[in-house]
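Thanks for coming, everyone. Please bring up the sequence and the model, and we'll walk through one region together.

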Amino acid sequence: MWSAAAVRAVSPLPAPSLPCGGRRGGGAARGGGRAATVSVRSTLWDFVGGDLVKPDIGQWLDDVEKHKALAVYPPHEGGYEGRYLNHLRYQGYYFLDLSARGLGDPETTLTKIHPVCPPSLGRQPVARWYFPPEVDYRLSLLHPDAKGLVVWIMEAKVLSKAELQFLAMLPDLRPKVRVIAECGNWRKFVWKPLKQIAGLEPNPDA
């Protein structure tokens, strides 16, 4: 059982300036001298995180509409991509979140009727189920007022160049589709056209 002395709650906010010594303690206060003080300086960034201020949201929305397929590099700690995702949701987009691990062939899974074999535990017969195309099925269910469908691929860094090339060309095959692929991590949230990363367009940073 935890004792009360072993548990300490640490406040995330800086402590206010307090005088050292009081009515009963502190030699300086009893001797008539001026009590020493401890001052803590804080700025606006201590209360409002820098990650909440987004001066590049307009550029993000413009690039999504211009390039239609982006490779994003969120920070390792996460959380940033959700804020950019929400701004696309405010524009009227719906989302299909997929992980690149276990996705299989992107072209077959997203645009064709594809078989899925459930794992057999040894006593069940081997079965094969057929699923509709993930993208086409979601497009058929979109609200008439929806702006489009965003296919958000997590852990896309494990995909081959040929698979990235198909994802980059998917908006050309399905005009209402936008593709966001997480191709790695960086110290801040950055993005580039997916066609440049897949080698379909010249990459000026290469």
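First, a term for later: two strands pair if DSSP finds at least two bridges between them. Helices (H or I, at least four residues) and strands (E, at least two) are DSSP runs, numbered from the N terminus.

Some ground rules. This is a predicted model, so local features need pLDDT of at least 70 and side-chain atom pairs count only at pLDDT 80 or more, while totals for chains, interfaces and linings use all residues. Residues are numbered from 1 along each chain as its sequence is written, and side-chain values use heavy atoms, with hydrogens and water left out.

Start with strand 3, residues 69–73. Buried means under 20% relative accessible area, exposed over 50%, partly exposed in between (1.4 Å probe, protein chains only).

Which strands are joined to strand 3? Strand 8 runs parallel to it, with 4 bridges. There, Ala-71 has Ala-181 as its bridge partner. Strand 9 runs antiparallel to strand 3, again with 4 bridges. Val-72 stands opposite Trp-191 in strand 9.

Keep Trp-191 in view. Together with Trp-60, Tyr-84 and Phe-189, Trp-191 forms one aromatic cluster. Rings of Phe, Tyr and Trp (its six-membered ring) pair if their centres lie within 6.5 Å; planes under 30 degrees apart count as stacked, over 60 as edge-to-face and the rest as tilted.

The structure holds 7 aromatic pairs. One of them is Trp-60 with Tyr-84, edge-to-face, at 5.3 Å centre to centre and 75° between the planes. Why does this pair tie together separate parts? Because Trp-60 lies in helix 2 (residues 57–67) and Tyr-84 in helix 3 (residues 80–90), parts 24 residues apart in sequence.

Trp-60 is buried, at 0% relative accessibility. Trp-60 also pairs with Phe-189: centres 5.7 Å apart, planes at 75°, so edge-to-face. Phe-189 sits in the loop between strand 8 and strand 9, so this pair ties together parts 129 residues apart in sequence.

Now helix 2 itself. Its buried residues are Ile-57, Trp-60, Leu-61, Asp-63 and Val-64. The face turned away carries exposed Asp-62 and Lys-66. After helix 2 comes Lys-68, with a positive phi near 70°.

Note on methods. Contact = heavy atoms within 4.5 Å.
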